[in-house]
Amino acid sequence: MFATPTKTNTKSVIGTVGTQAILSAISDATNVATVSIGGINHSNVQRVMYQSQSPNKSLDGVAIVSAIMAADDPKASTEEFAKLIKSPPAFALNPRSARVNEAEALIEEVPEIVRKMVEAHPFVHNMINFVVVNFVANVALSMCVFHYYLCVIARFFANHRRSGASPIMAPYGEEAPDLARLDGSLLINMGTLNGDSVSNYLKALQAYNARGAPVVYDPVGAAATEIRRNAVSTLLAGGYFDLVKGNEGEIRQVWGSNAEQQRGVDSGPSTLNGQQKARLARDLARRERNVVLMTGAVDYLSDGERVIAVENGHHYLGQVTGTGCAIGTISGCFLTAHRSDKLLAVLSGILMYEIAAENAASKEYVRGPGSFVPAFLDELYAIRTAAAKGDDSWFVGRARVHDVKV
Ligand SMILES: Nc1ncnc2c1ncn2[C@@H]1O[C@H](COP(=O)(O)OP(=O)(O)OP(=O)(O)O)[C@@H](O)[C@H]1O
Ligand SMILES: Cc1ncsc1CCO
């Protein structure tokens, strides 16, 4: 399953993705029992059982060396494993089967979810790239956030230092267990990786997974360099992401096949048609047992069962850096506020966001991306204010959303 010091003769580490592929290939063999071995411990065993599962076959068990033999109390450790493998992880997703008019049914629920999010003042712990920090903070403040924590900022703000407050080394993964107790969500956006980033992300990921708190992964520039491609594999092996969001190039890289070399962080020219994008989002969500959002002129959103296309938005969004990154943060807000249907939570967030963008772009004083940004923040704030008063008129007749059959 994973790399482990007890084995040195491993050709490759197959992870849950490889295990799931094997289980699918032998799903007819009902008389074949399966166990997984390698690097499994109390903190990852539920995820291993959950994410390895193929539609018709699951692991029957796990084989453990270190976490039992090196435990102070091997009997208690074994009993704990026996309990854990029988119960799903706290973050388990139970996708709803698509109803006849799923998109229409979901749309009816969106204003209520937006109101819920606005009232909840959700907390989002951001590990985000330094290019977009200011923009994303302003988007989050405009639309929802009460407490805001920017983990990319190495030192606290200058005025805090002047007033004598202690500096906060926020990108430090060791801080995540404390932050995870605040009942918010975590965003990992790997836009500006450095040598410490991945180990910090892993610590934070494990802290939030342990509590079943939502985690969003934005694999920015995933196909741009070898370092980023490796970071994707390490992070997928290291924990569970409730939502993976990215542009076409990034989602293709996370899927792991036919990825094009990205030139920077933008997706580059699309090589997939709408059906192919919808299928890719659906297949990745099925494989990871989570929710996947592929952004672009049309966004594709899937939880492995339902596939929804969102046609809202404005091309100015594609002309301002960080508009994709901000969706990671707002998805964190919505996933925190509405836990029972993760796809609906993310859909509500992108509709609020993209309708605000349309409203902003239609202002006569907006002439391009520069004047669009302040107008966009104003429109997010206007929707949030309306939603807080129970006024849904901002949403009536506006959603351009449909089911995709793949
Ligand atoms: N041509 C377009 N028409 C309408 N909406 C668009 C268009 N291009 C992008 N968008 C919207 O812009 C937002 C960001 O998507 P995009 O795919 O550009 O993200 P990204 O490449 O990850 O951005 P970044 O890395 O700059 O943060 C989404 O809401 C998407 O729907
Ligand atoms: C331009 C850029 N480079 C690294 S992150 C980033 C912001 C958009 O994702």
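In this predicted model, an oxygen atom of ligand 1 is 3.0 Å from a polar backbone atom of glycine 322. The protein is divided into domain 1 (10-85) and domain 2 (102-403), with bounds that come from an automatic or database domain assignment. Local features need pLDDT of at least 70, side-chain atom pairs count only at pLDDT 80 or more, and totals for chains, interfaces and linings use all residues. Residues are numbered from 1 along each chain as its sequence is written, chains are lettered from A and ligands numbered from 1 in the order in which they are written, and side-chain values use heavy atoms, with hydrogens and water left out.

**Ligand 1**

- Ligand 1 is surrounded by 17 residues, each with a heavy atom within 4 Å of the ligand.
- The closest of these residues are Thr295, Asp299, Gly324, Cys325 and Glu354.
- A polar backbone atom of cysteine 325 is 2.8 Å from an oxygen atom of ligand 1.
- For glycine 296, a backbone N or O atom lies 3.0 Å from an oxygen atom of the ligand.

**Interface between the domains**

- In domain 1, 6 residues are in contact (heavy atoms within 4.5 Å) with 9 residues of domain 2.
- The two domains bury about 760 Å² between them, 43% of it on carbon and sulfur atoms; buried area is the accessible area (1.4 Å probe) that two parts lose on being put together, summed over both.
- Arg47, Tyr50 and Gln51 supply 62% of the area that domain 1 buries against domain 2, more than any other three residues.

**Salt bridges across the interface**

- The rule for a salt bridge (a side-chain nitrogen of Lys or Arg within 4 Å of a carboxyl oxygen of Asp or Glu) finds 0 between domain 1 and domain 2.

Notes:
A polar contact is a pair of N or O atoms within 3.5 Å; within protein, one must be able to donate a hydrogen and the other to accept it, and residues adjacent in sequence count only if both atoms are side-chain atoms.
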